[in-house]
Amino acid sequence: MNITIIGTGYVGLVTGTCLADLGNHVFCLDVDPAKIATLNGGDTPIYEPGLPELVQQNLAAERLSFSTDVAAAVAHGEVQFIAVGTPSDEDGSADLQYVLAAARNIGRHMEGFKVVVDKSTVPVGTADKVRAVIQEELDKRGRGDIGFAVVSNPEFLKEGAAVDDFMRPDRIVLGVSDDEAGAQALAVMRKLYAPFNRNHERTRVMDVRSAEFTKYAANAMLATRISFMNELANLADRVGADIELVRQGMGSDPRIGYSFLYAGTGYGGSCFPKDVAALARTAAEYGQQLKVLGAVEAVNDAQKTVLVDKILERFGPDLSDRRFALWGLAFKPNTDDMREAPSRVLIGALLRAGARISAHDPVAVDEARRVLAQDLADAPALLGNIQFAASPMQAAEQADALVIVTEWKAYKAPHLVRLKSLMKAPVIFDGRNLYEPWAMRDAGFDYVGIGRGSSR
Ligand code: NAD
C-alpha cells in the first residue's frame with residue numbers, strides 16, 4: 001500500500017519505518033528540513049534501539065522516503081497518518097495546532113478518497129475537528145465531492161522499545177465512524193494491519209470517541225500506578241517498611257500484577273505528564289473534576305524533588321562545596337528523550353544550591369546540554385558547574401555522593417570496590433532502587449533509596 005506519515009518524530013518515524021519494512025511504500029513528511037536531511041543521509045535523529053538499521057534497509061529498498069514536500073506527501077498515500085506532536089497548552093489542554101495544520105494540508109491537496117488517521121494522542125472529539133477542517137478546505141476549492149474518512153488509531157508504543165512494540169502490539173485500536181466512509185476506511189486499515197494479526201486478532205474496533213478516550217485512559221492508569229507507589233514509598237520511609245518487598249507482595253496478586261509498580265523519582269517523558277493534564281482538562285470542559293488524576297499529578301510533581309529533599313536533608317541547604325555524580329539523564333532507559341525528565345528538576349535544584357555535578361548518560365548527553373541551556377536560561381553561569389563524563393566511573397571520581405536517576409542497564413551491577421575507591425565519600429542516593437540496601441551496606445556504602453525505610 002502507499003502510506004503517508006505526517007510528522008516524522010518518535011511515533012511517525014517508527015510507524016513509517018515499520019510499515020515500510022512490511023512491504024508498504026511509505027512517504028514520511030516533516031516541516032523540519034534538518035530532520036529530513038538527516039534521515040535522507042541515512043542517519044536517525046533520535047536514539048531508538050533497532051531503528052537506524054531498519055531505516056537504512058528500507059531507504060535502500062526504496063520503500064521509505066523522507067521529504068518536506070506537502071503536495072507530494074498528500075498525493076502519495078491512500079492512508080494519511082497524522083503523527084505530529086500534541087504538546088500541552090498553557091491550560092493543560094492538548095495543543096491541536098499541528099494536528100489541524102496537517103489536516104488542513106490534506107484538504108488543500110487531496111484529489112481522491114483518503115483515509116486520514118489520527119495517530120497522535122488527541123482529545124475526545126478531535127476527529128470531528130480534523131474532519132471539519134478537511135471539509136472546509138475541500139469546499140474552498142469547490143471539491144466538496146471528494147470523499148474521505150477520519151479514523152482514530154492511537155499509538156501505544158514505548159520509547160526505548162518502540163520498534164518491538166510496533167511490530168508486536170498488544171492491541172491495535174481502530175475508531176471508525178458508523179457510515180459508508182467509515183466502513184471503507186475500516187477495510188483499508190484491516191488490510192494494512194493484517195500482518196500484525198497473523199498469530200491472533202489484536203484489532204479492537206470501536207467508535208471514534210471511545211478510541212480517542214482509550215489512549216488517555218491507558219496512560220492515566222499507568223501514571224496512577226506510579227504515583228500510587230511513590231506515595232506509598234514515602235510512607236514506607238516513615239513507617240520503616242521496604243517498598244520493594246511490598247511491591248513484590250502485592251504484585252503477586254494477579255489482579256494487581258508486578259508491572260508499573262516501581263517507586264522512583266516520578267514519571268516524565270513526552271506522554272504521561274501532558275496526557276494526564278489533557279484528560280483532566282477534557283473532564284473540566286465537560287463539567288467534571290477528575291479527583292484521582294489531580295492527586296496523581298500533585299504526587300508526581302512532589303516526587304520529582306524527593307531526591308533533592310533527601311540530599312538537602314543530609315548535606316544542608318548550601319551545597320557549594322559539594323560535588324555530585326549523577327547517573328542517568330534521560331527520562332527512562334534506552335532513549336535520549338529528555339522531555340519532562342526528572343533529572344532536569346534535580347540538576348536545576350542542585351546547581352542552584354551551589355553544587356557541582358558530573359553526569360553520565362549512555363546516549364542523552366547532547367539532548368541534555370540542549371534542554372539544560374533552556375532550563376537555566378535565567379542563570380547560564382551555572383551551566384559551568386555541570387560536566388559530562390565519558391563513563392559512570394569517571395563521573396563518580398571525587399564525588400561526595402552518587403545520585404542515580406535513570407535505570408540504565410549499565411548501572412545495575414557496578415564494581416562496588418572500585419566505585420567506593422573513586423568517590424570522596426561512599427554515599428548513594430538511588431532514585432530507582434537499583435540495589436539491595438543490605439548489599440550496599442555490606443559494601444560499605446551509606447545507601448538511601450526510595451521507600452526502603454526498614455532496610456536502611
Ligand atoms: P515528536 O515531537 O517527536 O514528533 C512530531 C514531529 O511532527 C516533529 O518532527 C515535527 O517537526 C513534526 N510536525 C509538526 N507539525 C507538522 C506538520 N504540520 N507537518 C508535518 N510535520 C509536522 O512527537 P512524538 O513523540 O512522535 O509524538 C507524536 C504524537 O504521538 C503525540 O501526540 C504523542 O502524544 C503521541 N505518542 C507519542 C509516544 C512517544 O512515546 N513519543 C507514544 C505514543 C503516542
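A polar contact is a pair of N or O atoms within 3.5 Å; within protein, one of the two must be able to donate a hydrogen and the other to accept it, and residues adjacent in sequence count only if both atoms are side-chain atoms. The model is predicted, so local features need pLDDT of at least 70 and side-chain atom pairs count only at pLDDT 80 or more, while totals for chains, interfaces and linings use all residues. Residues are numbered from 1 along each chain as its sequence is written, and side-chain values use heavy atoms, with hydrogens and water left out.

The domain assignment divides the protein into domain 1 (2–206), domain 2 (217–302) and domain 3 (304–448); such bounds come from an automatic or database domain assignment. Between the C-alpha centres of domain 1 and domain 3 there are 38 Å.

Where domain 1 meets domain 3, 8 residues of domain 1 are in contact with 10 residues of domain 3, contact meaning heavy atoms within 4.5 Å. About 630 Å² is buried between domain 1 and domain 3, and carbon and sulfur atoms give 46% of this area. Tyr 10, Tyr 47 and Glu 159 supply 78% of the area that domain 1 buries against domain 3, more than any other three residues. Buried area here is the accessible area (1.4 Å probe) that two parts lose on being put together, summed over both.

The polar side of this interface can be listed briefly. By class, the side of domain 1 that touches domain 3 has 5 nonpolar, 1 polar and 2 charged residues. In this scheme Ala, Val, Leu, Ile, Met, Phe, Trp, Tyr, Cys and Pro count as nonpolar, Asp, Glu, Lys and Arg as charged, and the others, Gly among them, as polar. The count of salt bridges between domain 1 and domain 3 is 1, a salt bridge being a side-chain nitrogen of Lys or Arg within 4 Å of a carboxyl oxygen of Asp or Glu. Arg 339 forms a salt bridge with Glu 159, with the closest N and O atoms 3.7 Å apart.

Where does the ligand lie? Domain 1 (2–206) and domain 2 (217–302) both give residues to the shell around the ligand, so the ligand lies between them. The shell divides into 9 nonpolar, 7 polar and 7 charged residues. A polar side-chain atom of Asp 30 lies 2.6 Å from an oxygen atom of the ligand.
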